[in-house]
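Reader: Could you walk me through this one? I keep meeting labels and would like to know where they come from.

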Amino acid sequence: MKISFTPKFEDLFRKLPAQVQKQADRAFEHLERNPRYPSLRLKCVDPQESRYSIRISDKYRALGLLQGDEITLDWIGPHGKYDHLI
């Protein structure tokens, strides 16, 4: 799967703790190679917009729009904020 990032995502990513950035980088590597990788828990959270959630860790999630075999990530942050977004 191809991954792209919005400027908003890149800004949010830079503000994350270094350890979470490393976890996110690993998650994105798995996503590129195998979107069904079990720890990602890739799931559709809004079918109308093709919006998907990716598990970064127990406490962090990323969101993006899926079009064909490309996902454009536009948000990353703590699970609590993720709950409010979806």
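**Salt bridges, helices and a core**

Author: There are four salt bridges in the structure, a salt bridge being a side-chain nitrogen of Lys or Arg within 4 Å of a carboxyl oxygen of Asp or Glu. Bear in mind that this is a predicted model, where local features need pLDDT of at least 70, side-chain atom pairs count only at pLDDT 80 or more, and totals for chains, interfaces and linings use all residues. Residues are numbered from 1 along each chain as its sequence is written, and side-chain values use heavy atoms, with hydrogens and water left out.

Reader: What makes Arg51 and Asp74 a salt bridge?

Author: Their closest N and O atoms are 3.0 Å apart, and the limit is 4 Å, so the pair counts. Arg51 sits in strand β3 and Asp74 in strand β5, so the pair ties together parts 23 residues apart in sequence. (Strands are DSSP runs of E, at least two residues, and helices runs of H or I, at least four, numbered from the N terminus.)

Reader: Why is Arg51 called buried?

Author: Buried means under 20% relative accessible area, exposed over 50%, and partly exposed in between, with a 1.4 Å probe and protein chains only. Arg51 has 17%, so it is buried. Asp74 is also at 17% and counts as buried.

Reader: And why does Asp11 count as partly exposed?

Author: Asp11 has 31% relative accessibility, so it falls in the in-between class. Its salt-bridge partner Lys15, with N to O at 3.2 Å, is exposed at 62%. Asp11, Arg14 and Lys15 are linked in a network of salt bridges.

Reader: Why is α1 called oblique to α2?

Author: Helix α1 (residues 7-14) and helix α2 (residues 18-33) pack at about 135°, with axes 10 Å apart. Under 35 degrees is roughly parallel, over 145 roughly antiparallel, 65 to 115 roughly perpendicular, and the rest oblique. That makes α1 oblique to α2. The axes are lines fitted to C-alpha atoms, for helices over the stretch in contact, and angles run from 0 to 180 degrees between N-to-C directions.

Reader: Which residues have the most contacts inside the largest nonpolar core?

Author: They are Phe28, Ile54, Ile56, Ile71 and Ile76, in a core of 19 residues. Such a core is a set of buried Ala, Val, Leu, Ile, Met, Phe, Trp, Tyr and Cys residues joined through side-chain atoms within 4.5 Å. Its largest share, five residues, comes from α2.
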